[in-house]
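Here is a friendly note to read alongside the structure. Please keep the picture open and find each residue as you go.

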Amino acid sequence: MKESYNRLFEGNKKWAAEKLSNDPNYFKGLSMGQSPEYLWIGCSDSRVPANEITGTKSGEIFVHRNIANVVVHTDMNLLSVLYYAVEVLHVKHVIVCGHYGCGGVIASMNNKDNGFVNNWLRNIKEVYEKHHEELEAIPEIRDRENRLVELNVIEQVHNLAKTRIVQQAWKKRELQVHGWVYGFDNGLIKDLNVMVDEISDLEPIFRFDL
Ligand code: CO
């Protein structure tokens with residue numbers, strides 16, 4: 001325990017020195033600003049670092065993470081990130097990336113009390129309830145969990161499309177919202193092919209007259 005965090009400083013020094021030896025202007029370049037093409041909405045899980053699993057560098061992905069990559073329309077944090085990414089940074093792609101074996105999704109599939117987190121998991125329980133027939137017809141618990149991971153991602157893609165921020169962008173330009181799932185079995189990201197990029201992809205009642 002004692003000063004185990006020191007290894008983070010040591011790691012940082014080594015990393016910074018490495019970057020500078022490859023490119024003496026590396027940090028100078030980063031300090032000039034960012035223009036990422038992607039907004040990543042992923043799980044807080046320590047095993048799913050956006051840049052690392054996509055082989056991208058600092059400056060390439062704008063990132064928001066929370067438990068089980070949920071898009072809640074009253075979440076000021078997420079909405080602020082989304083607004084900034086879309087309106088100011090002009091990202092071209094918004095990616096919701098879930099992951100198989102997601103603790104948040106699994107925890108929402110039973111009746112255990114998770115204290116304060118119950119409030120957050122409620123969002124995933126709603127997705128479960130919406131698809132409970134399909135889910136309960138799946139015999140293997142692991143397969144059922146994996147399917148809810150996918151259904152949760154699809155729901156969040158639609159939740160993004162329901163925001164005024166995304167619909168406003170669609171009035172003016174191209175913006176694609178993707179749903180992906182990452183797996184620990186092979187380290188690969190699967191595209192669920194549920195991309196939405198226009199207002200007609202959204203159920204009519206959620207469309208705003210902008
Ligand atoms: Co997770």
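1. A word on burial comes first: a residue is buried when its relative accessible area is under 20%, exposed when it is over 50%, and partly exposed in between (1.4 Å probe, protein chains only). Lysine 130 counts as exposed because its relative accessibility is 55%.

2. Please remember that this is a predicted model: local features need pLDDT of at least 70, side-chain atom pairs count only at pLDDT 80 or more, and totals for chains, interfaces and linings use all residues. Residues are numbered from 1 along each chain as its sequence is written, and side-chain values use heavy atoms, leaving out hydrogens and water.

3. How many salt bridges are found in the whole structure? The search finds 8, where a salt bridge is a side-chain nitrogen of Lys or Arg within 4 Å of a carboxyl oxygen of Asp or Glu. One of them joins lysine 130 to glutamate 155, with the closest N and O atoms 3.0 Å apart. This pair links distant parts of the chain, since lysine 130 sits in helix α6 and glutamate 155 in helix α8, 25 residues apart. Helices (H or I, at least four residues) and strands (E, at least two) are DSSP runs, numbered from the N terminus. Is glutamate 155 buried or exposed? Glutamate 155 counts as buried because its relative accessibility is 15%.

4. Now look within helix α8, where glutamate 145 and arginine 142 both lie, 3 residues apart, or about one turn of the helix. They form a salt bridge whose closest N and O atoms are 3.3 Å apart. Glutamate 145 is buried, at 11% relative accessible area, whereas arginine 142 is exposed, at 55%.

5. Another salt bridge to find is that of arginine 47 with aspartate 45, where the closest N and O atoms are 2.7 Å apart. Arginine 47 is partly exposed, at 43% relative accessibility, while aspartate 45 is buried, with a relative accessible area of 15%.

6. Next, the pockets. On a 1 Å grid over the protein atoms alone, a pocket is an open set of points with protein on both sides within 12 Å along at least five of seven lines, and its lining residues have an atom within 4 Å of a point. A volume is the space filled by probe spheres set on the points, which are joined across faces, edges and corners. The largest pocket has a volume of about 340 Å³. Its lining has 15 residues, and Val71, His73, Glu155, Asn159 and Lys162 lie nearest the centre. The elements that give two or more residues to this lining are α6 (118–130) and α8 (141–161), and α6 gives the most, with 4 residues.

7. The lining of the largest pocket divides into 5 nonpolar, 6 polar and 4 charged residues. Here Ala, Val, Leu, Ile, Met, Phe, Trp, Tyr, Cys and Pro count as nonpolar, Asp, Glu, Lys and Arg as charged, and the others, Gly among them, as polar.

8. The second largest pocket has a volume of about 190 Å³. Its lining residues include Trp15, Lys19, Tyr26, Asn51 and Glu52. Helices α1 and α3 (50–54) each supply at least two residues of that lining. By class, the lining has 2 nonpolar, 3 polar and 3 charged residues.

9. Two backbone angles deserve a look. Most residues other than glycine have a negative phi. Histidine 90, in the loop between α4 (76–88) and β3 (93–99), has a positive phi near 55°. Histidine 90 is partly exposed, with a relative accessible area of 48%. Asparagine 193, in the segment after β5 (189–191), also has a positive phi, of about 55°. Asparagine 193 counts as exposed, at 65% relative accessibility.

10. A last stop is arginine 65, placed in strand β2 (residues 61–66). Arginine 65 counts as partly exposed, at 29% relative accessibility. Arginine 65 and tryptophan 15 are 50 residues apart along the chain, and their C-alpha atoms are separated by 23 Å.

Terms used. 1 Å grid on protein atoms, 1.4 Å probe; cavity = no way out; pocket = protein on both sides within 12 Å on 5 of 7 lines; lining within 4 Å.
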